[in-house]
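Trainee: Please take me through this model, one question at a time.

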2 protein chains.
Amino acid sequence: MTTAKNEHIVSSYEEELTLLAQMISEMGGMVEAAVTDATQALLKLDHPLAQATIARDKMIDEMQRRIDEKAVSMIARRQPMAADLRMIITSIHVANDLERVGDMAKQVSRRSLQIEGLSLAPKFYNGVKHMTTLILHQLQAALDAYAERNSAAAVAVCNSDDEIDALHTSLFRELLTYMMEDPRNITQCTHLLFCAKSLERVGDHATNIAEAAYYLDTGKHLSSAVEDLHRTQVKV
Amino acid sequence: MTTAKNEHIVSSYEEELTLLAQMISEMGGMVEAAVTDATQALLKLDHPLAQATIARDKMIDEMQRRIDEKAVSMIARRQPMAADLRMIITSIHVANDLERVGDMAKQVSRRSLQIEGLSLAPKFYNGVKHMTTLILHQLQAALDAYAERNSAAAVAVCNSDDEIDALHTSLFRELLTYMMEDPRNITQCTHLLFCAKSLERVGDHATNIAEAAYYLDTGKHLSSAVEDLHRTQVKV
């Protein structure tokens with residue numbers, strides 16, 4: 001085997017690793033757009049936008065499948081060791097989390113179709129609106145931490161998940177109050193409760209992505225102690 | 001390298017593949033027990049059982065981590081090809097689904113702690129009880145199809161997910177009716193709505209596991225057409 005051929009193989013392998021990272025980044029962008037559109041569709045009761053967001057979820061699922069296949073094919077052909085293998089396997093996990101965030105966007109879009117036509121006072125949406133802003137920031141920060149392999153940024157993402165959980169709890173209680181005030185609010189507010197839950201789950205997936213970033217940067221899992229803090233508290 | 005040594009390596013590799021399958025099977029058993037206990041804790045408002053189920057979720061998470069590490073270590077050391085690689089990568093996905101089913105059990109357990117103390121008529125639980133029976137059957141059938149690499153059984157599991165979704169939709173409407181009848185039912189019924197949703201998600205994960213079984217048996221993904229049928233219908 002010539003040196004030239006060796007170099008070609010190495011270069012091509014590195015190109016493949018870069019391509020895999022780019023695919024994750026691209027999928028991250030698709031998913032961020034889906035969450036943005038789903039929440040816009042909910043807040044503005046924009047029927048066509050909700051339909052379009054639901055339809056686009058297939059592309060996100062397809063992207064996950066492509067990342068999976070790329071990762072498996074790289075492992076099979078390249079037989080990567082240590083850090084590269086860790087990166088490839090982590091890609092599979094992150095693509096899985098992103099696919100589930102895409103599902104959450106689809107679910108919020110479906111709910112918005114069901115809410116449409118029902119009259120809902122703007123005040124009902126305030127909490128969801130605030131939560132949406134936080135969630136989108138959280139997701140973007142997690143994807144940035146992952147792209148940059150930045151463990152400090154990853155820890156910051158994990159820490160701010162508490163804020164989202166607290167907001168979700170307060171929103172849950174607020175919506176229950178509206179339901180108790182007037183039974184005519186029950187159906188709509190129940191849909192909003194589930195939307196809020198979906199958004200809170202997006203925050204959980206962002207935390208998973210941040211944990212993956214931490215793992216890639218440090219080779220260590222975020223300690224059980226930290227997970228305890230962020231995962232096992234009682235959520236509504 | 002002697003033949004004896006070759007045989008030893010092959011045998012040890014096969015032992016490792018068997019061990020990985022056993023770990024998935026063991027994790028499946030842990031998760032089935034968690035769902036059983038969580039739903040019992042809910043239906044009987046059994047506080048200590050709920051607490052124990054929540055505490056045991058850490059063991060399920062730990063099992064997923066062990067399966068992940070085993071799979072990655074096998075890929076790194078054994079450099080498996082084709083069918084073996086497919087089986088190993090699929091183990092990572094199935095362990096991920098099982099971990100999420102464990103999370104659902106934990107969530108149902110937490111809800112049951114919140115419902116406790118609130119007076120709830122037995123009729124409220126009938127739908128959840130029926131759904132629990134179906135879900136446990138579905139999860140067990142999916143795990144069996146996976147253990148036996150039985151694509152026909154896997155397709156049957158995917159087909160019966162429709163029944164669970166239909167039951168969930170009818171339960172959702174029933175609970176909304178109770179809430180509208182009497183505002184005092186709102187808080188409890190909301191918790192039950194989320195429990196029903198968690199159970200419905202267990203069904204979705206069972207479908208994923210069945211799809212993995214199909215893939216292992218046939219080398220093909222269940223067609224997009226089938227996925228369309230089971231995934232993109234509007235769910236409440």
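Mentor: One definition to start: a crossing is left-handed if the near helix is turned anticlockwise from the far one by less than a right angle, and right-handed if clockwise. The model is predicted, so local features need pLDDT of at least 70 and side-chain atom pairs pLDDT 80 or more, while totals for chains, interfaces and linings use all residues. Residues count from 1 along each chain, chains are lettered from A, and side-chain values use heavy atoms without hydrogens or water.

Trainee: How many helices does chain A have?

Mentor: From the N terminus, its elements run α-α-α-α-α-α-α. Helices are DSSP runs of H or I, at least four residues; strands are E, at least two. Chain A has zero strands, and its helices number seven.

Trainee: At what angle do α4(A) and α6(A) pack?

Mentor: Helix α4 of chain A covers residues 123-147, and α6 of chain A covers 186-218. Their axes, lines fitted to C-alpha atoms over the stretch in contact, lie 9 Å apart. The angle, on a scale from 0 to 180 degrees between N-to-C directions, is about 15 degrees.

Trainee: Are α4(A) and α6(A) roughly parallel or roughly antiparallel?

Mentor: Angles under 35 degrees count as roughly parallel, over 145 as roughly antiparallel. The packing angle of α4(A) and α6(A) is about 15 degrees. Therefore α4(A) and α6(A) are roughly parallel.

Trainee: Is the crossing of α4(A) and α6(A) left-handed or right-handed?

Mentor: Use the rule I opened with. For α4(A) and α6(A), the crossing is left-handed.

Trainee: How many nonpolar residues are in the contact of α4(A) with α6(A)?

Mentor: Four residues there are polar and one is charged. Nonpolar covers Ala, Val, Leu, Ile, Met, Phe, Trp, Tyr, Cys and Pro; Asp, Glu, Lys and Arg are charged, the others polar. The nonpolar residues in the contact of α4(A) with α6(A) number 21.

Trainee: Is R149(A) buried, exposed or partly exposed?

Mentor: R149(A) sits in the loop between α4 and α5 of chain A. Its phi is near 50 degrees, positive in a residue other than glycine. Buried means under 20% relative accessible area, exposed over 50%. At 24% relative accessibility, R149(A) is therefore partly exposed.

Trainee: What is the relative accessible area of R149(B)?

Mentor: R149(B) lies in the loop between α4 and α5 of chain B. Phi of R149(B) is near 50 degrees. R149(B) counts as partly exposed, at 26%.

Methods:
Parallel < 35°, antiparallel > 145°, perpendicular 65-115°, else oblique. Buried < 20%, exposed > 50% of the residue type's maximum accessible area, 1.4 Å probe, protein only.
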